[in-house]
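Hi there,

Here is the structure I promised to hand over. Have a look at it first, and then read on for what I found.

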Amino acid sequence: MWKRQKIPEEERTRKRVRRESSWKENVRKKLKEKDKEYTSKKGVLKKAKELKTPCNCRMKCNTKISQAQRKSLFENFYLLSRDAQDQYIAETIKESEKQRERVQRRKESEEVHKESRRNFTRKYYLSKEDRQSVEVWKKIYHNSFDLTLKKIRVITEKKRRSE
Ligand SMILES: [Zn+2]
């Protein structure tokens, strides 16, 4: 006759709780990686990434790139790893210092001050079916990958530092 090994109730509960919380954490990480909707640790619902509407600006981005191509860019972007996504953004946004600022910087003393608030203009590029890139307005760029301004700022600043 065998004896069942008795596990104290307290220990059993603790184990179960621990296992569940690490499982939840894993699910959250997986969803975050895949850019699907998930609830953050603090309980904030994070929306899934989605292809957003194009802009309706003077640059006529609508006529430069098709909706089908934007969809394909979006889908391919989210198949990339996080690092590759950042790399892609860094490569498709071109920054240049604003001309006006450079002219204004005359005195050496002024330069230090100006340096801390340099102004940059950004150009945004999307690639078409034929792999040629077209310059588009920032809104359609942001919306094609559902990016936030903050994310773009972080990436372009990092790129600037590395140059
Ligand atoms: Zn536009």
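Let me start with the hairpin of β4 and β5: 5 residues lie between its strands, and R131 takes a positive phi near 70 degrees there. R131 is a residue other than glycine, and its place is the loop between β4 and β5. Is R131 buried or exposed? R131 counts as exposed because it has 6 C-beta neighbours inside 10 Å. The cut-offs are these: 20 or more other C-beta atoms within 10 Å of a residue's own make it buried, 12 or fewer make it exposed, and anything in between is partly exposed, with C-beta atoms placed from the backbone.

Some housekeeping before the rest. This is a predicted model, where local features need pLDDT of at least 70 and side-chain atom pairs count only at pLDDT 80 or more, while totals for chains, interfaces and linings use all residues. Residues are numbered from 1 along each chain as its sequence is written.

Helix α3 (residues 67-77) has the highest confidence, at a mean of 96, and helix α6 (residues 108-115) the lowest, at 48. Over residues 111-116 pLDDT stays under 50, and the model has 3 contacts beyond four places in sequence for that stretch. A contact here is a pair of residues whose C-beta atoms, placed from the backbone, lie within 7 Å.

Now the overall layout. The protein chain has 8 helices and 5 strands, taken as DSSP runs (H or I of at least four residues for helices, E of at least two for strands) and numbered from the N terminus. Along the sequence the pattern is α-β-β-α-α-α-β-α-α-β-β-α-α. Of the 163 residues, 8% count as buried. Among contacts with a separation of 6 or more, 51% come from residues 24 or more positions apart.

Back to the strands, then. An open sheet is formed by 3 strands in the order β3-β4-β5, with antiparallel pairing; two strands pair if DSSP finds at least two bridges between them. β3 and β5 stand at the edges with a single partner strand each, so one side of each is left without a neighbour in the sheet. From one strand to the next the twist averages 35 degrees.

Here are the pairings in detail:

- β3 (residues 93-97) and β4 (residues 120-127) are joined over 5 bridges in the antiparallel sense. I93 has Y124 in β4 as its bridge partner, and K94 stands opposite K123 in β4.
- β4 and β5 (residues 133-136) are joined over 4 bridges, also in the antiparallel sense. L126 stands opposite V134 in β5, and S127 stands opposite S133 in β5.

How do helices α4 and α8 cross, and at what angle? The axes of α4 (residues 82-92) and α8 (residues 149-162) come within 10 Å and cross at roughly 75 degrees. That makes α4 roughly perpendicular to α8, a label that covers angles of 65 to 115 degrees (under 35 is roughly parallel, over 145 roughly antiparallel, and the rest oblique). Axes are lines fitted to C-alpha atoms, for helices over the stretch in contact, and angles run from 0 to 180 degrees between N-to-C directions. D86, I89 and A90 in α4 meet I152, I155 and K159 in α8. By class, this contact has 4 nonpolar, no polar and 2 charged residues. Nonpolar means Ala, Val, Leu, Ile, Met, Phe, Trp, Tyr, Cys and Pro; charged means Asp, Glu, Lys and Arg; the others, Gly among them, are polar.

One more residue for you to look at is K60, in the loop between β2 (45-46) and α2 (61-64). K60 is not a glycine, yet has a positive phi of about 55 degrees. K60 counts as exposed because it has 11 C-beta neighbours inside 10 Å. K60 and W137 are 77 residues apart in sequence, and their C-alpha atoms are 8.6 Å apart in space.

Best wishes

How values were computed:
Contact = placed C-beta atoms within 7 Å. pLDDT = per-residue confidence, 0-100.
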